[in-house]
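Reader: I'm new to this one. Can you put it up and walk me through it?

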Amino acid sequence: MLAVVFCSCMVSRVGAETCIAPARPFVPNDPEAIKEFRELIRQDFENYIQDIQLHFLCLDSERARVFEEAQEVTDDYERFLGAANE
């Protein structure tokens, strides 16, 4: 029985996404460095904006998945309690 519980926990973990937020873009304090690397900095900001949008989608997806899983676990627990009280 313990093996079944362990395996079901492992299966539910496999479906979980890892939503890792992107790193903030770095902006140097030196105005000359900003001028010199302006194109790289601009690209870093554009990449961040694109990546953070994907991150938000990932979080939304994971939240929906976990909410559904929590409902299934609640249903399983209710069945367990019913069977344990028989």
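Author: What follows is a short tour by topic. This is a predicted model, where local features need pLDDT of at least 70, side-chain atom pairs count only at pLDDT 80 or more, and totals for chains, interfaces and linings use all residues. Residues are numbered from 1 along each chain as its sequence is written, and side-chain values use heavy atoms, with hydrogens and water left out.

Reader: Okay, disulfides to begin with. How many does the count come to?

Author: One disulfide. The term stands for a pair of cysteine sulfur atoms within 2.5 Å. Cys 19 and Cys 58 form the disulfide, with sulfur atoms 1.9 Å apart.

Reader: Where do Cys 19 and Cys 58 lie?

Author: Cys 19 is in the loop between H1 and H2, while Cys 58 is in helix H3, so the pair ties together parts that are 39 residues apart in sequence. Helices are DSSP runs of H or I with at least four residues, numbered from the N terminus.

Reader: And is the disulfide left-handed or right-handed?

Author: Left-handed, because the torsion about the S-S bond of Cys 19 and Cys 58 is about -80 degrees.

Reader: Cys 58, buried or exposed?

Author: Buried, because its relative accessible area is 12%. Buried means under 20% relative accessible area, exposed means over 50%, and partly exposed is in between, with a 1.4 Å probe and protein chains only.

Reader: What about His 55? Where does it lie?

Author: His 55 lies in helix H3. His 55 is buried too, because its relative accessible area is 11%.

Reader: Which residues is His 55 in contact with?

Author: Leaving aside neighbours within four places in sequence, His 55 is in contact with Cys 19, Ile 20, Ala 21 and Pro 22. Contact here means heavy atoms within 4.5 Å.

Reader: New topic. How many salt bridges does the structure hold?

Author: Five. A salt bridge is a side-chain nitrogen of Lys or Arg within 4 Å of a carboxyl oxygen of Asp or Glu. Side chains of opposite charge can pair when their charged atoms come close.

Reader: Give me one. What does Arg 42 meet in a salt bridge?

Author: Glu 39, at 2.2 Å from N to O. Both residues lie in helix H3, three residues apart, about one turn of the helix. Arg 42 counts as partly exposed because its relative accessible area is 34%. Glu 39 is partly exposed as well, at 46%.

Reader: Which residues are linked with Arg 42 in a network?

Author: Glu 39 and Glu 46 are linked with Arg 42 in a network of salt bridges.

Reader: Further along, what does Glu 69 form a salt bridge with?

Author: Arg 65, with the closest N and O atoms 3.1 Å apart. Glu 69 and Arg 65 are four residues apart in helix H3, about one turn. Glu 69 is partly exposed at 25% relative accessible area, and Arg 65 is partly exposed at 24%.

Reader: And Arg 79, what does it form a salt bridge with?

Author: Asp 76, the closest N and O atoms being 2.3 Å apart. Arg 79 and Asp 76 are separated by about one helical turn because they are three residues apart in helix H3. Arg 79 is exposed, with 54% relative accessible area. Asp 76 is partly exposed, with 41%.

Reader: Aromatics next. How many aromatic pairs does the count come to?

Author: One aromatic pair. Tyr 77 and Phe 80 form the pair, which is stacked at 6.1 Å centre to centre, with 20 degrees between the planes. Rings of Phe, Tyr and Trp (its six-membered ring) pair if their centres lie within 6.5 Å; planes under 30 degrees apart count as stacked, over 60 as edge-to-face and the rest as tilted.

Reader: Why are Tyr 77 and Phe 80 separated by about one helical turn?

Author: Because Tyr 77 and Phe 80 are three residues apart in helix H3, residues 38–84. Phe 80 counts as partly exposed, at 49% relative accessibility.

Reader: Last one. Which residues form a nonpolar patch on the surface?

Author: Val 27, Ile 34 and Phe 45, with about 220 Å² of accessible area together. Patches are made of residues with over 30% relative accessible area and no salt bridge: like charges are joined within 9 Å, nonpolar side chains (Val, Leu, Ile, Met, Phe, Trp, Tyr) within 5 Å. Areas come from the Shrake-Rupley method with a 1.4 Å probe; for residues, only the protein chains shown count as cover.

Reader: Where does Val 27 lie?

Author: In the loop between helix H1 (2–14) and helix H2 (31–36). Ile 34 lies in helix H2. Ile 34 is in contact with Val 27, Pro 28 and Ile 41, leaving aside neighbours within four places in sequence. Val 27 is partly exposed at 37% relative accessibility, and Ile 34 is partly exposed at 33%.

How values were computed:
Helix = DSSP H or I, 4+ residues; strand = E, 2+ residues; numbered from the N terminus.
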